[in-house]
Amino acid sequence: MSYWRGIIHKYKEFLPVNEKTPIITLCEGNTPLVYAENLARAIGFKGGIFLKYEGLNPTGSFKDRGMTVAISKAVEAGKRAVICASTGNTSASAAAYAAKAGLRAFVLLPKGAVALGKLSQAVIYGAKVIAIQGNFDDALYIVRKIGELMPVEIVNSVNPYRIEGQKTGAFEICDALGKAPDYHFIPVGNAGNITAYWKGYKEYYQVGKIDNLPKMMGWQAEGSAPIVKGYPIKNPQTIATAIRIGNPYSWQPALQAVHESGGLIDAVSDDEILYAYKLTASTEGIFCEPASAASVAGLIKLTREGFFKGGETVVCTLTGNGLKDPDTAMRVCEEPITLPPDVDKVVGVISL
Ligand code: AN7
């Protein structure tokens, strides 16, 4: 069969699966790598920008790559239920893949701090949703305790199968470009994805699929930047709720990715994130969520600082779909004009 059947079918030899693993897939992966010449021109970047649009995965974020592996392995191990803490996307993905697998799903969300689209996904896929009066870090702590107490599989990136699946994003980029980019820009929350991409690039390098490695460039939101600051943040804040995380689980592997690759991890402000969010949509026709725009915001920041020599190839991972959080788009953009049903009145507001 030649049609796309998801990342496990495509990249089996790199994944911890065998003939007995039941493959639970929603045909995730194979997402567009969009050449962003308009964005490059707009920000004065003198090289090639490619946007890896992970918002086009089945539940609208990169989490589906890790979840297909985590849920397949949970089924293989005979598990009946999964649990996760989430800023929204992990819960949407866990709920969907659990539904496909016939498993029960329990998701713990920070109350009032999850975009409505993501919450609606968890609910409609049939997960038991528990809103915690606390933040993501509180919810993850509880999930890890419950994982010790009850026969339920944790599908946060505490689960190594998540990282395994997510590394396929790097494979797809290399397959598309025929090489690794010079720089890979990526938002950082719980720091699993930067860890996963670096693992993917290194594995492709080891088997000779590529002969270069990118510098890993991770971006946290200023109010939620524990790795940049060097200590956990008790009460993280940012408009990019997906990365509102004060004590990332994959802190050390993320630092290792940055150090081994010669990259960096830095922070961008909410204003910089929103600017990048709007610019990506208005120049490239790609609506990502605010957290995803942290990667583009980081690229804009470094471009303005004169960081690049010119001629570099960079990839920005756009981790999630903007439709998950339409409230933010409506808050930061101009309100639609309301008019009576009158041709002249409408003509009056159209300037060509
Ligand atoms: C759109 O869903 O942590 O650094 O619980 O949803 O691998 O955590 C989401 C994270 C970036 C950060 N962009 O990735 C969750 C969750 C989007 C995200 C990140 C997330 P990691």
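Guide: A nitrogen atom of the ligand lies 2.6 Å from an N or O atom in the side chain of Thr-319. This is a predicted model, in which local features need pLDDT of at least 70 and side-chain atom pairs count only at pLDDT 80 or more, while totals for chains, interfaces and linings use all residues. Residues are numbered from 1 along each chain as its sequence is written, and side-chain values use heavy atoms, without hydrogens and water.

Visitor: Which backbone atoms lie at 2.8 Å and 2.7 Å from ligand oxygen atoms?

Guide: A polar contact is a pair of N or O atoms within 3.5 Å. Here, a backbone N or O atom of Thr-87 is 2.8 Å from a ligand oxygen atom, and a polar backbone atom of Ala-191 is 2.7 Å from a ligand oxygen atom.

Visitor: How much of the ligand's accessible area does the protein cover?

Guide: Accessible areas come from the Shrake-Rupley method with a 1.4 Å probe. The protein covers 98% of the 470 Å² that the ligand has on its own.

Visitor: What is the confidence of the protein?

Guide: The predictor's confidence in each residue, pLDDT, runs from 0 to 100. The protein has a mean pLDDT of 97, and 100% of its residues reach 70 or more.

Technical notes
A polar contact is a pair of N or O atoms within 3.5 Å; within protein, one must be able to donate a hydrogen and the other to accept it, and residues adjacent in sequence count only if both atoms are side-chain atoms.
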